[in-house]
Amino acid sequence: PFEMQQGDILRMEKEHQVLKEQLKEAEEKYDQLQSRSSEEIGALKELLKKSVEETEVSKNELDWFHQDLEIQVKKWQQEKKENQDNLKALRSTAKKHTDTNDRYSKTIDEKEKQYNVYLNTYLETSNKLANEKVKLEELIKKSQDDCQECVQRAVKAEISVLKNWKETEVRKVNGIAANAEANLKMLKSFSSSSASAAPKLKSQIDSWEIFISNIKKQLEKVEVSLNFSEHVLTCSSPVRSTFSSPLRGLSCLKLTLKCFMFCLTWDFPVASNSTGTRPCYTNMCN
């Protein structure tokens with residue numbers, strides 16, 4: 001082939017090849033654009049169709065709304081008329097209530113006047129009762145003072161009786177102790193005068209010595225208990241609350257001495273005599 005310059009044909013082939021590739025790319029882009037445009041056109045048609053349908057629905061809804069509005073307006077007009085009628089009835093009722101309230105106000109005024117009269121009467125009566133209450137309280141206080149004075153005199157009398165009774169009972173116990181010491185002295189005398197009887201009398205002598213010692217110890221305890229109880233009787237509350245009354249305190253003291261006397265009758269030592277029987281000591285308790 002004819003070439004103007006060497007290599008023109010080769011260069012033209014290369015350019016032809018490049019143009020061919022560019023044409024192919026352009027055709028592919030065109031196909032892509034055409035496909036995309038077709039899809040967008042289809043979507044727009046669907047959107048247009050949907051918009052038309054929605055417009056139709058909206059038009060129908062608007063027609064229904066106008067119909068409902070007309071119905072609602074008629075209903076409101078009817079309610080307005082009814083409310084006006086009710087308002088007239090309420091005004092009439094309010095007037096009746098106002099008249100009734102006026103009558104009640106007059107009645108309340110009359111009742112207040114009566115209440116004031118009753119209140120004054122109550123205050124006068126209350127003052128009289130308060131004065132009488134003061135007088136009664138004074139009488140009660142005087143009676144309580146008199147009662148307290150009587151109780152004090154009774155306590156003093158009870159203490160005096162207790163002392164006398166205590167001295168009598170203690171005197172009896174001392175008599176028992178004296179008789180016991182006499183018996184002990186007599187046994188010791190027999191023991192010293194008769195050597196053969198001394199071993200037999202030793203146990204008797206020991207028993208009498210223990211008995212006399214127990215009497216003295218118990219007598220000291222009873223004396224302390226009686227002195228304390230006498231102190232309790234002369235004290236005021238709350239120490240005297242140990243006894244529910246002075247008489248109960250005196251009874252407790254008497255019971256203490258009686259228990260002691262009872263124990264003495266069982267603590268006597270048994271002395272064997274010639275008959276082998278227990279000797280009689282009733283004279284010691286008299």
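This report describes the helices, core, side-chain pairs and confidence of one predicted protein model.

**Basis**

Because the model is predicted, local features need pLDDT of at least 70 and side-chain atom pairs count only at pLDDT 80 or more, while totals for chains, interfaces and linings use all residues. Residues are numbered from 1 along each chain as its sequence is written, and side-chain values use heavy atoms, with hydrogens and water left out.

**Overall architecture**

The protein contains 3 helices and 0 strands; helices (H or I, at least four residues) and strands (E, at least two) are DSSP runs, numbered from the N terminus. Along the sequence the pattern reads α-α-α. Of the 286 residues, 16% are buried, where buried means under 20% relative accessible area, exposed means over 50%, and partly exposed lies in between (1.4 Å probe, protein chains only). The protein exposes about 23,200 Å², and carbon and sulfur atoms supply 57% of this area; accessible areas come from the Shrake-Rupley method with a 1.4 Å probe, and for residues only the protein chains shown count as cover. Among contacts between residues at least 6 apart in sequence, 70% join residues at least 24 apart; a contact means heavy atoms within 4.5 Å.

**Nonpolar core**

A nonpolar core is a set of buried Ala, Val, Leu, Ile, Met, Phe, Trp, Tyr and Cys residues joined through side-chain atoms within 4.5 Å. The largest one has 14 residues, and those touching the most other members are Ala180, Leu184, Leu187, Ile205, Trp208, Phe211 and Ile215. Two or more residues of this core come from each of the elements α1 (8-193) and α2 (198-234). Not counting residues up to four places away in sequence, Leu187 touches Leu201, Gln204, Ile205 and Trp208.

Serine 191 belongs to helix α1 and is buried, with a relative accessible area of 17%. Leaving aside neighbours within four places in sequence, serine 191 contacts Ala198, Leu201 and Ile205.

The count of aromatic pairs comes to 1. Tryptophan 208 and phenylalanine 211 make up this edge-to-face pair, at 5.7 Å centre to centre and 85° between the planes. Rings of Phe, Tyr and Trp (its six-membered ring) pair if their centres lie within 6.5 Å; planes under 30 degrees apart count as stacked, over 60 as edge-to-face and the rest as tilted. The two residues are 3 apart in helix α2, so about one helical turn separates tryptophan 208 from phenylalanine 211. Tryptophan 208 is buried at 1% relative accessibility, and phenylalanine 211 is buried at 2%.

**Salt bridges**

Side chains of opposite charge can pair when their charged atoms come close. The structure holds 7 salt bridges, each defined as a side-chain nitrogen of Lys or Arg within 4 Å of a carboxyl oxygen of Asp or Glu. The table includes three of them.

| Salt bridge | N to O distance |
|---|---|
| Glutamate 149 – arginine 153 | 3.3 Å |
| Lysine 216 – glutamate 181 | 3.8 Å |
| Glutamate 209 – lysine 188 | 3.4 Å |

Glutamate 149 and arginine 153 are 4 residues apart in helix α1, so they are separated by about one helical turn. Glutamate 149 is partly exposed at 43% relative accessibility, as is arginine 153 at 48%.

The salt bridge between lysine 216 and glutamate 181 has one partner in helix α2 and the other in helix α1, so it ties together parts that are 35 residues apart in sequence. Lysine 216 has a relative accessible area of 46% and is partly exposed; glutamate 181, at 38%, is also partly exposed.

In the salt bridge of glutamate 209 with lysine 188, glutamate 209 lies in helix α2 and lysine 188 in helix α1, 21 residues apart, and the pair links distant parts of the chain. Glutamate 209 is partly exposed at 33% relative accessibility, and lysine 188 is partly exposed at 40%.

**Confidence**

The mean pLDDT of the protein is 78, and 76% of the residues score at least 70; pLDDT is the predictor's confidence in each residue, from 0 to 100. Among the elements, α1 has the highest mean pLDDT (89) and helix α3 (residues 246-267) the lowest (52). Over residues 236-247 the pLDDT is below 50, and this stretch has 15 contacts in the model beyond near neighbours in sequence. Residues 270-286 also have pLDDT below 50, with 24 contacts beyond near neighbours in sequence. Where pLDDT is low, the predicted coordinates should not be read in detail.
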